[in-house]
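Thanks, everyone. Please have a look at the sequence and the structure first.

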Amino acid sequence: MAFKEPKAIRLAFHDCMPYTDGTGGCDGCLNFKENDDTNNMLRTSIAILEKLYLEADFPEGATVLEASPKELGMSRADLWSFAGLVALDKVQETSKDLCSTMAYNLTCNDWDSPCFTEFPLKAKQLFKTGRSDCTPNSEATPKQGYLAAK
């Protein structure tokens, strides 16, 4: 299983869903005990992002950071949201390429609207940091801070 754009977008979406009690959302955690069926396919993607979050030298071959994103003060929630935004941007570019080669059948077969519409620049500038991570599950290991307590 690879970490591809659709999974990053799905992860950002699932992360921003509130818990059953109405709290949470966009907090860098998922509940696998209560929502295993809907969240289970995200485990590999989460593991990759968690490694990126905790290690300054991951992935291999990338520029080594002075410290991990966590040590630099970034929240896991911000990382997941940012990954979703980058993935959405990549999907948009792919759609543009498919439209330019007339491969409309690979763009959801939406024949009633233009094949490609530019993502508004204003929307790209909406990303803000400052999200807070959830309180992890009491059974979570130090490398499983993404397991929701709720």
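Let me start at L11. Leaving aside residues up to four places away in sequence, L11 touches L30, L42, I46, L49 and W80, where a contact means heavy atoms within 4.5 Å.

Before going on, the provenance. This is a predicted model, in which local features need pLDDT of at least 70 and side-chain atom pairs count only at pLDDT 80 or more, while totals for chains, interfaces and linings use all residues. Residues are numbered from 1 along each chain as its sequence is written, and side-chain values use heavy atoms, with hydrogens and water left out.

Now the core around L11. A nonpolar core here is a set of buried Ala, Val, Leu, Ile, Met, Phe, Trp, Tyr and Cys residues joined through side-chain atoms within 4.5 Å. Buried means under 20% relative accessible area, exposed means over 50%, and partly exposed is in between, with a 1.4 Å probe and protein chains only. The largest such core has 13 residues, and those touching the most other members are L11, L30, F32, I46, L49, W80 and Y146. Two or more residues of this core come from each of α3 (43–54) and α4 (76–100). As general background, nonpolar side chains in soluble globular proteins tend to be buried together.

On to the chain as a whole. It has five helices and zero strands, in the pattern α-α-α-α-α along the sequence. Helices (H or I, at least four residues) and strands (E, at least two) are DSSP runs, numbered from the N terminus. Of the 150 residues, 31% count as buried. Among contacts with a separation of 6 or more, 58% are between residues 24 or more positions apart. The accessible surface is about 9600 Å², and 57% of that belongs to carbon and sulfur atoms; areas come from the Shrake-Rupley method with a 1.4 Å probe, and for residues only the protein chains shown count as cover.

Which residues of α1 are buried? They are K7, A8, L11, A12, H14 and D15. These cover an arc of only 165° around the axis, so they sit on the same side of α1; the arc is that of the directions from the helix axis to the C-beta atoms. P6 and F13 are exposed on the other side of α1.

In α3, the buried residues are S45, I46, L49, E50 and Y53. Their arc is only 130° around the axis, which puts them on the same side of α3. In general, an α-helix has 3.6 residues a turn, so residues three or four places apart point the same way. α3 has twelve residues and reaches 16 Å from its first C-alpha to its last, close to the 16 Å expected at 1.5 Å a residue, the expected span being 1.5 Å times one less than the number of residues. S45 counts as buried because its relative accessibility is 1%. S45 touches F3 and K7, not counting residues up to four places away in sequence.

Now the cysteines. How many disulfides does the structure hold? There are two, a disulfide being a pair of cysteine sulfur atoms within 2.5 Å.

One joins C16 to C26, with S to S at 1.9 Å. Both cysteines lie in the loop between α1 and α2, ten residues apart. C16 is partly exposed at 31% relative accessibility, and C26 is partly exposed at 24%. C26 also has a phi near 50°, a positive value in a residue other than glycine.

In the loop between α1 (5–15) and α2 (36–39) we also find M17, which counts as partly exposed because its relative accessibility is 42%. M17 and D27 are ten residues apart in sequence and 9.4 Å apart in space, C-alpha to C-alpha.

The other disulfide is formed by C29 and C134, with sulfur atoms 1.8 Å apart. C29 is in the loop between α1 and α2, and C134 is in the segment after α5 (121–124), 105 residues away. At -55° about the S-S bond, this link is left-handed. Both C29 and C134 are buried.

One last backbone detail. The peptide bond from F58 to P59 is cis, with omega near 0°, and P59 is in the loop between α3 and α4.

That is the tour; I will take questions.
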